[in-house]
Amino acid sequence: MTLATLLLFALASGITIATPGPTVLLAMSNGSYHGVRAAAWGMVGAVLADMILVAVVASGLGVLLAASEAAFQVLKWAGAAYLAYLGWRLLRTDAAAALPGRHGTAAPGVQALFLRSFLVAITNPKALLFMSAFLPQFIQPAAPLLPQYLALAAILAVLNLAAMLAYALLGARMMRALNSGGLRWMNRLCGGALIGMAATLALYRRSGP
């Protein structure tokens, strides 16, 4: 695998990751309500899920899972239901209670933040289909496969972490700058976006014969 191949992969992946997805929205929400340090646990969960998906693709299971209609439907509906639940929870969040100096409900533990982002990422069948079709294009079959997949996984991890960190920092800044009315609108925006993504995922169908 050449440096040019790695740079091309980084560019193509960066363009894809730059489009806000559910894990990015969760990072922004976690950053605004729990701080960047706590939000980092959610980022770790999302990146771990991505690394598992890369391992699935590298092992060849990605092709089998992508071809299985039953596995696809289970992942699709589980992911859609969980996204809708998180969106609904966000819509019901008390924005005023989250402002500095206010006493609201107890913040979730780091395990909850980790698991929430992990589940969102691992139950997204579009991510599995994308990686199954995308990653092999940058692999040289004649060369050892493990180092190549490790290199691609490292690039994905760095890009994902950078995107989520940027949105978590944005969320933290918005928390300091907005009043309760502004935070309420931010909740509606993020919650509505997650529910919209859930609906899109529920309607998603694989292309093919």
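This is a predicted model: local features need pLDDT of at least 70, side-chain atom pairs count only at pLDDT 80 or more; totals for chains, interfaces and linings use all residues.

Analyst: Residues are numbered from 1 along each chain as its sequence is written, and side-chain values use heavy atoms, with hydrogens and water left out.

User: Which helix supplies the largest share of the lining of the largest pocket?

Analyst: A pocket is an open set of points on a 1 Å grid over the protein atoms alone, where a 1.4 Å probe fits, with protein on both sides within 12 Å along at least five of seven lines, whereas a cavity is a set from which the probe cannot get out; lining residues have an atom within 4 Å of a point. The largest pocket holds about 790 Å³ of space, a volume being the space filled by probe spheres set on the points, which are joined across faces, edges and corners. Of its 27 lining residues, the closest to the centre are T16, G21, P22, N124 and A127. Helices here are DSSP runs (H or I, at least four residues), numbered from the N terminus, and the largest share of this lining, five residues, comes from α7.

User: How many charged residues are in the lining of the second largest cavity?

Analyst: The second largest cavity has a volume of about 30 Å³, and its lining consists of P22, G79, L83, V120, T123, N124 and L201. Asp, Glu, Lys and Arg count as charged, Ala, Val, Leu, Ile, Met, Phe, Trp, Tyr, Cys and Pro as nonpolar, and the others, Gly among them, as polar. By class the lining has four nonpolar residues, three polar ones, and, as for charged residues, no such residue.

User: Is S117 buried or exposed?

Analyst: S117 is found in helix α6, residues 110-122, and, leaving aside neighbours within four places in sequence, S117 is in contact (heavy atoms within 4.5 Å) with T23, L26, N30, G42, G45 and A46. Buried means under 20% relative accessible area, exposed over 50%, and partly exposed in between, with a 1.4 Å probe and protein chains only. Because its relative accessibility is 2%, S117 counts as buried.

User: What kind of ring pair do F134 and F138 form?

Analyst: Rings of Phe, Tyr and Trp (its six-membered ring) pair if their centres lie within 6.5 Å, and planes under 30 degrees apart count as stacked, over 60 as edge-to-face and the rest as tilted. The ring centres of F134 and F138 are 5.0 Å apart and their planes are at 65°, so the pair is edge-to-face.

Note on methods: Helices (H or I, at least four residues) and strands (E, at least two) are DSSP runs, numbered from the N terminus.
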